[in-house]
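Here is a short briefing on one protein model. Keep the sequence and the 3D view side by side as you read.

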Amino acid sequence: MLKGTKLYSIFTGKCPVCHEGKMYVESNPYKLNKIYEMHERCSVCNTKYKIEPSFFYGAMYISYGIGVAFAVAAFITSYFFIGLEVVPSFISIIVVLVLLGPIIMRLARNIWINMFLSYDEDAKHKTSKT
């Protein structure tokens, strides 16, 4: 349904160009020893994921923003809706960020690469893409 949009690539971890190849060696972000392991190139369209050395350092800024959004949401939910006191509400922030940390990291990387690469319907038919 969303195929062809940046959201599809961001939420599925698929190649931002062809939307078919997997970006990550291990699809489960909770296998922490392989959380940062990405394929060098897309297996379908041959797109190079690391556009330049240290390319994904910029994803740290995205990760920070996502983390703040989740922290604010956790605090508002626990303090205002559930009715916890301030200290337990801050503990809920820590719990949420620890549990969702791997997902936040992957989302940040996916958003970052999608800022630089766009979907190309004909990409899988091209032989070499850089």
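Asn46 sits in the loop between α1 and α2. Helices here are DSSP runs of H or I with at least four residues, strands are runs of E with at least two, and both are numbered from the N terminus. This is a predicted model, where local features need pLDDT of at least 70, side-chain atom pairs count only at pLDDT 80 or more, and totals for chains, interfaces and linings use all residues. Residues are numbered from 1 along each chain as its sequence is written, and side-chain values use heavy atoms, with hydrogens and water left out.

**The loop between α1 and α2**

- Asn46 has a phi near 70 degrees, a positive value in a residue other than glycine.
- Ser54 also lies in the loop between α1 and α2.
- The phi of Ser54 is near 60 degrees, again positive in a residue other than glycine.
- Asn46 is partly exposed, at 26% relative accessibility.
- Ser54 is partly exposed too, at 46%.
- The cut-offs are these: buried means under 20% relative accessible area, exposed means over 50%, and partly exposed lies in between (1.4 Å probe, protein chains only).

**Overall build**

- The protein has three helices and zero strands.
- Along the sequence, the pattern reads α-α-α.
- The C-alpha atoms fill a box of roughly 60 × 30 × 20 Å, taken along the principal axes.
- Of the 130 residues in the protein, 36% are buried.

**Salt bridges**

- How many salt bridges does a search of the whole structure find? There are two.
- A salt bridge here is a side-chain nitrogen of Lys or Arg within 4 Å of a carboxyl oxygen of Asp or Glu.
- Lys3 and Glu20 form a salt bridge through their side chains, at 3.7 Å from N to O.
- That pair links distant parts of the chain, 17 residues apart: Lys3 is in the segment before α1 (6–12), and Glu20 is in the loop between α1 and α2.
- Lys3 is partly exposed, at 41% relative accessibility.
- Glu20 is partly exposed as well, with a relative accessible area of 29%.
- Glu26 and Lys31 form a salt bridge at 3.9 Å, N to O.
- Is Glu26 buried or exposed? Glu26 counts as buried because its relative accessible area is 19%.

**How α2 and α3 pack**

- The two helices pack at an angle of about 150 degrees, and their axes are 7 Å apart.
- By class, the contact of α2 with α3 has 19 nonpolar, five polar and one charged residues.
- Ala, Val, Leu, Ile, Met, Phe, Trp, Tyr, Cys and Pro count as nonpolar, Asp, Glu, Lys and Arg as charged, and the others, Gly among them, as polar.
- Axes are lines fitted to C-alpha atoms, for helices over the stretch in contact, and angles run from 0 to 180 degrees between N-to-C directions.
- The crossing of α2 past α3 is right-handed.
- A crossing is right-handed if the near helix is turned clockwise from the far one by less than a right angle, and left-handed if anticlockwise.
- Ser63 is in helix α2, and Ser63 is partly exposed at 25% relative accessible area.
- Ser63 and Val98 are 35 residues apart in sequence and 13 Å apart in space, C-alpha to C-alpha.

**The nonpolar surface patch**

- Which helix gives the largest share? It is α2, with eight residues.
- Phe81 is in helix α2 and counts as exposed, at 66% relative accessibility.
- Phe81 and Gly58 are 23 residues apart in sequence and 34 Å apart in space, C-alpha to C-alpha.
- Phe90 is in helix α3 and is partly exposed, at 46%.
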